[in-house]
Amino acid sequence: MAACNVLFLAAGYGTRLEHDIRTHPSPAYAHLLGLPKALLPLAARPLLTHWLAVLASCPRTPPPRVFVVTNARFGDQLAQWALAAGIPPAHVLNNRTTDAAGRRGAVRDLGDAIAHFALAAQPLLVVAGDTLFLRDFDLQAFLACADAAVDADALVTGYTVARDADTLKSGIMCLSNTDTVGAVHRVTAFMEKPSPDETDARTACPCFYYLKPAAVALVREFLDETDRNGGGLADVDAAGKFIAWLVGQARVYAYAISGRLDIGGLDTYIQAEAYMAQHPRV
């Protein structure tokens, strides 16, 4: 198996979650205030720690190097978590923003991390810090598929949304029924949170991307093109903006998963807590 790096995008501010907690009639969740979503406790462990367990369940030689990009508000907390988890403090990048209004956007954070940590030479697994896959996800099978799909420049994941209205909450992909590599289908189009009336597609694509070096290099090209065209935060805020562009530049394929835990506000955190309690790790 090819060596790879792992990058957790954890520079969000969790403004909706914070609002929900502050306005909730019960103080039961007040202890979550001040925590980044990437470190929210699920089954008594920080969210990112669950991802480390997933990585540990799939040994590779050499093992992947793990990196984190965060912000000034949560930088110390993520650095302390990384140190306790055995991740070198130098692998945590603080983007120096201090509030949501000044955020750089997920794609700029991705580009900055690639440059700062010199990640362009190897495959890169990009993982959002506010999402977790369901227990049946098999990382080893996913990575084996990525290794076997030699013609693919990137492998993403997809699942069918539960309700039509859920297209408004996620990136949505169109998949080819003819261009396939084994069980994975080529992504022919990608829309960021479209109305269900805009498309018949119902395959959600979470921020969990395996980018081979050719695709890693294209992150910088996307950002440069965005700047030349006068793009702003809206063009780089969601990681899916890069994937939407990438499908027109490279061969992107989608690997089917059953679903995910996506923590946006307090309601989805409570749902994630309930799921983890009902599905303890064996």
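This dialogue walks through some features of a predicted model.

Reader: How do I read the buried side of a helix? Which residues of helix α5 are buried?

Author: Start with the general idea. An α-helix has 3.6 residues a turn, so residues three or four places apart point the same way. Now take helix α5, residues 139-148. Its buried residues are L139, F142, L143, C145 and A146. Seen down the axis of α5, they fall within an arc of 155°, so they line one face of the helix.

Reader: Which residue caps the N-terminal end of α5?

Author: D138 does. One of its side-chain oxygens lies 3.1 Å from the backbone nitrogen of Q140.

Reader: Let me try helix α3. Which of its residues are buried?

Author: Helix α3 spans residues 75-84, and its buried residues are G75, L78, W81 and A82. They cover an arc of only 130° around the axis, which puts them on the same side of α3.

Reader: Which exposed residues does the face turned away from that buried side carry?

Author: That face of α3 carries D76, Q80, L83 and A84, which are exposed. The buried residues of α3 are covered by other elements, including β3 (45-46), α2, β4 and β5 (92-94). Look just past the helix too. There G86 takes a positive phi of about 85°.

Reader: How do I judge a single residue? Is R60 buried or exposed?

Author: Under 20% counts as buried. R60 has 7%, so R60 is buried. R60 lies in the loop between α2 and β4 (65-70). Then ask what the fold brings together. R60 and C4 are 56 residues apart along the chain, and their C-alpha atoms are separated by 8.9 Å.

Reader: Where is K212 found?

Author: In the loop between β12 and α6 (213-228). K212 has a relative accessible area of 17% and is buried. Set aside its neighbours within four places in sequence. K212 is then in contact with P123, A146, A149, V150, A152 and D153. A146 also belongs to the buried residues of α5. For a distance across the model, take V68. K212 and V68 are 144 residues apart in sequence and 19 Å apart in space, C-alpha to C-alpha.

Reader: Where is the place of S176, and what is S176 in contact with?

Author: S176 sits in strand β9, residues 171-181. At 11% relative accessibility, S176 counts as buried. Beyond its neighbours within four places in sequence, S176 is in contact with H185, R186 and T188.

Reader: How do I read aromatic rings? How many aromatic pairs does the structure hold?

Author: A pair of aromatic rings is described by the distance of the centres and the angle of the planes. The structure holds 15 aromatic pairs. One of them joins Y29 and Y269. This pair is edge-to-face, 6.5 Å centre to centre with 90° between the planes. The pair links distant parts of the chain, 240 residues apart. Y29 is in the loop between α1 (15-23) and β2 (41-42), while Y269 is in helix α8, residues 266-278. Both Y29 and Y269 are buried.

Reader: What about F222 and W245? What is the angle between the planes?

Author: The angle is 55°, and the pair is tilted. Its centres are 5.5 Å apart. F222 lies in helix α6 and W245 in helix α7 (residues 240-246), so the pair ties together parts that are 23 residues apart in sequence. F222 and W245 are buried.

Reader: Which residues form one aromatic cluster?

Author: W51, F133, F137, F142, F208, Y210 and Y255. F142 is also one of the buried residues of α5.

Reader: How many cavities of 30 Å³ or more does the structure hold?

Author: One. The largest cavity has a volume of about 90 Å³. It is lined by 13 residues, and the closest to its centre are G14, E18, L32, G34 and L35.

Notes. Residues are numbered from 1 along each chain as its sequence is written. This is a predicted model: local features need pLDDT of at least 70, side-chain atom pairs count only at pLDDT 80 or more; totals for chains, interfaces and linings use all residues. Side-chain values use heavy atoms; hydrogens and water are left out. Buried means under 20% relative accessible area, exposed over 50%, partly exposed in between (1.4 Å probe, protein chains only). Helices (H or I, at least four residues) and strands (E, at least two) are DSSP runs, numbered from the N terminus. The arc is that of the directions from the helix axis to the C-beta atoms. A polar contact is a pair of N or O atoms within 3.5 Å; within protein, one must be able to donate a hydrogen and the other to accept it, and residues adjacent in sequence count only if both atoms are side-chain atoms. Contact means heavy atoms within 4.5 Å. Rings of Phe, Tyr and Trp (its six-membered ring) pair if their centres lie within 6.5 Å; planes under 30 degrees apart count as stacked, over 60 as edge-to-face and the rest as tilted. On a 1 Å grid over the protein atoms alone, a cavity is a set of points where a 1.4 Å probe fits but cannot get out, and a pocket is an open set with protein on both sides within 12 Å along at least five of seven lines; lining residues have an atom within 4 Å of a point. Grid points are joined across faces, edges and corners, and a volume is the space filled by probe spheres set on the points.
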